[in-house]
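Dear colleague,

I am handing over the structure below, and after it you will find my notes on what was found. Please read them with the model open beside you.

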Amino acid sequence: MQVDPVARTFVVPPDHPAFAGHFPGAPILPGVVLLDAVVRLAPGAAAGVAEIAVAKFLSPVTPGESLVITYTPTAGAGLRFNIVCAARRVASGTLVLAA
């Protein structure tokens, strides 16, 4: 049985505190902030995330960008995620959900 992916939108606040030092004059969102959004918005993650099994950062994210995070279940207790901004791939990876 095929399960449809679940999509969530995350708009990067232009005044996010992570931009203050990352990097002055050319701000980009740190990967850890992207991962935080992935974990917080993950469907079925009410019990928590046990592991970020894979995370690949493919393109920088700047203030005010609107991101779409798509989740697809994997075998077992996993979720594959992809993050895009318009047609640009930003990040991808796999989460293992807590039991």
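Two strands are taken to pair if DSSP finds at least two bridges between them.

Before going further, please note that this is a predicted model, in which local features need pLDDT of at least 70 and side-chain atom pairs count only at pLDDT 80 or more, while totals for chains, interfaces and linings use all residues. Residues are numbered from 1 along each chain as its sequence is written, and side-chain values use heavy atoms, with hydrogens and water left out.

The hairpin of β3 and β4 has four residues between the strands, and Gly-76 takes a positive phi near 80° in it. On to the next pair, β4 is joined by eight bridges to strand β5 (residues 88-97), again running antiparallel, and Arg-80 stands opposite Thr-94 in β5. The hairpin of β4 and β5 has two residues between the strands, with Ala-86 taking a positive phi near 60°.

These strands belong to an open sheet of five, in the order β1-β3-β4-β5-β2, with antiparallel pairing. Because β1 and β2 (49-57) stand at the edges with a single partner strand each, one side of each is left without a neighbour in the sheet. The twist averages 20° from one strand to the next, where axes are lines fitted to C-alpha atoms (for helices over the stretch in contact) and angles run from 0 to 180 degrees between N-to-C directions.

Within strand β4 (residues 78-85) lies Asn-82, which is partly exposed at a relative accessible area of 24%; buried means under 20%, exposed over 50%, and partly exposed in between, with a 1.4 Å probe and protein chains only. Not counting residues up to four places away in sequence, Asn-82 touches Val-68, Ile-69, Thr-70, Arg-89, Ala-91 and Ser-92, contact meaning heavy atoms within 4.5 Å.

Pro-14, by comparison, lies in the loop between β1 (6-11) and α1 (31-41) and counts as exposed at 59% relative accessibility. Leaving aside neighbours within four places in sequence, Pro-14 is in contact with Phe-19, Pro-63 and Gly-64.

Best regards
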